[in-house]
Amino acid sequence: MRLDAQESQDGTVVPKDKAENGETPGYSEEQRDDGDTGGMEEDDDNQEDEEEEDDESDVAIGACVGRTYMRSRVVANGESVEHPAVVLQRRVGPDGAAQCYVHYTNLDRRLDEWVPEASLGEEVNVPKTRDRRRRGERRSASKIDDGTSGAFMEGTGQSSRKRAKSEHAHFHEITKVRNVERVQLGKHEIDCWYYSPYPGKFGSASKLYICERTFKYFDNPKSYERFLATATQGAKPPGREIYHDTERSICVFEFDGAEQVLFGQNLCLFGKLFIEHKTLSYDPTPFFFYVLYEVDRDGYHPVGYFSKEKESKEQYNLACIVSLPPYQRKGYGKFIISLSYEVTKRRGEIGSPEKPLSDLGKLSYRSYWSFVLLDYFDALSDAELGELTLDKLAYALGVKPEDVLSTLQHLKMIYQLKGQLAIKVNRDEVRAQLEPYRQRRFSAAFCKPELLSL
């Protein structure tokens, strides 16, 4: 999202020079003071400095930004454990006491929080873990939702570097501090996980109110309710419906980012609240978006979405995926992954998610690729198994050959024959590896190809 744009009360993007001037979020007047004395005499300056020195001798020095302190935190089983916490920002709380925004080292940033400064223990030195990935890979690091927790969005890989100059990158210092605490989306009040570059006062609001249909955002309930009163109740979301499953009461709408620019911007801003590693593009026009909804008598309720580049030299079929917290553990992550491949196959293409993937992302995709390969093998005759090639598998499944190869190696179905790699499939081994997937009904959450219309 470009930093030279702000948004009006109803969520419409306007140039910064036409927007109201507000305070810089996250910074006090002292932090923004440039040190100008406004014409004060030098003698007065000296006298004031002496007074400040006297005062400072009576004030205890607090925690320092950038340093690490031990802090007790409660874990899942209710026990308290000591964990190193890095101070990212300081402020004065409503009660007048100092507070620190901390990140617990080696833990997900969704656990970052404001804590009383007094709760910090002794300072510690924690060795930094060096990220050995190339610079471009670090910037494009992704997270993925596996239907249980987390999500991922597109970074700035090779195919996106031209957009990087106009983007708000996750590695900027300000993005380390969560700026919006919670959002109201329909009947759900959701705690936010990460920073999102909402413009102006919206970026410093403790709570935002989000329209389920347009993703327009408001910082007070009255404006939100007035907007809903004038909105068309029960209207379909933007875009074209390409999938409808009456049994599961879900549907998917596809829209072109070039045709729904404001909707695309609002959707990405909202999704960024639940994504850590993401460079947010201000311009959604290079993307197609696929938004998944649950449907009931009250209308359409967004569950998650994915986006894909219209033109990708790397054959990426998924750039960004989000599964919203209230709807996790329902298998929607698997649904979205399978949908991305069904869309790819319908267009006679092969594809792969934008890389690199996080460790969780690799596990999620590895599970999907393993299952579809094993399931495909199990349906083939012995004669067909003997004629397998990497390209045949790739186009049958819509999966890039390198992903097929890595999965076959993982399944121990690749061996060397006269200096070349060959595929070796044993039907008994296939069924043995497939059985755990079938026992837990792994594919039950997948997209149903017969319901997809493109």
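## A buried tyrosine

Y194 counts as buried, at 7% relative accessibility. Buried means under 20% relative accessible area, exposed means over 50%, and partly exposed lies in between (1.4 Å probe, protein chains only). The model is predicted: local features need pLDDT of at least 70, side-chain atom pairs count only at pLDDT 80 or more, and totals for chains, interfaces and linings use all residues. Residues are numbered from 1 along each chain as its sequence is written, and side-chain values use heavy atoms, with hydrogens and water left out.

## Rings around W193

W193 is also buried, with a relative accessible area of 12%. The ring centres of W193 and Y194 are 6.3 Å apart and their planes stand at 80 degrees, so this pair is edge-to-face. Rings of Phe, Tyr and Trp (its six-membered ring) pair if their centres lie within 6.5 Å; planes under 30 degrees apart count as stacked, over 60 as edge-to-face and the rest as tilted.

W193 forms another edge-to-face pair, with F274: 5.8 Å centre to centre, 85 degrees between the planes. W193 lies in the loop between strand 9 (188-191) and strand 10 (207-210), and F274 in the loop between helix 5 (261-272) and strand 14 (287-296), so the pair ties together parts that are 81 residues apart in sequence. Helices (H or I, at least four residues) and strands (E, at least two) are DSSP runs, numbered from the N terminus. F274 is buried, with a relative accessible area of 1%.

Ring pairs link W193, Y194 and F274 into a cluster that also includes F215, F255 and F270. The structure holds 29 aromatic pairs.

## Charges over rings

The charged end of K310 sits over the ring of F288, 5.5 Å from its centre. R440 has its charged end over the ring of Y437, 4.9 Å from the centre. The test is NZ of Lys or CZ of Arg within 6 Å of the ring centre and within 35 degrees of the ring normal.

## The nonpolar cores

A nonpolar core is a set of buried Ala, Val, Leu, Ile, Met, Phe, Trp, Tyr and Cys residues joined through side-chain atoms within 4.5 Å. The largest one has 80 residues; V183, Y198, I210, F270, F335 and F377 touch the most other members. Helix 7 (residues 359-379) gives the largest share of this core, eight residues. A second, separate core of nine residues includes C100, V102, Y104 and L120.

What does I210 touch, not counting residues up to four places away in sequence? Its contacts (heavy atoms within 4.5 Å) include V183, Y198, F215, Y224 and F270.

An open sheet of five strands has the order 6-5-4-3-7, with antiparallel pairing. Two strands pair if DSSP finds at least two bridges between them. Strand 6 (113-116) and strand 7 are the edge strands: each pairs on one side only.

Five of the seven residues of strand 3 (residues 68-74) are buried, so this strand is largely enclosed by the rest of the structure. Seven bridges join strand 3 to strand 4 (residues 80-92), and the two run antiparallel. Y69 has A85 as its bridge partner in strand 4, while M70 has P84. The hairpin of strands 3 and 4 has five residues between the strands, and G78 takes a positive phi near 90 degrees. Two bridges join strand 3 to strand 7 (residues 123-124), also antiparallel. There, T68 has V124 as its bridge partner.
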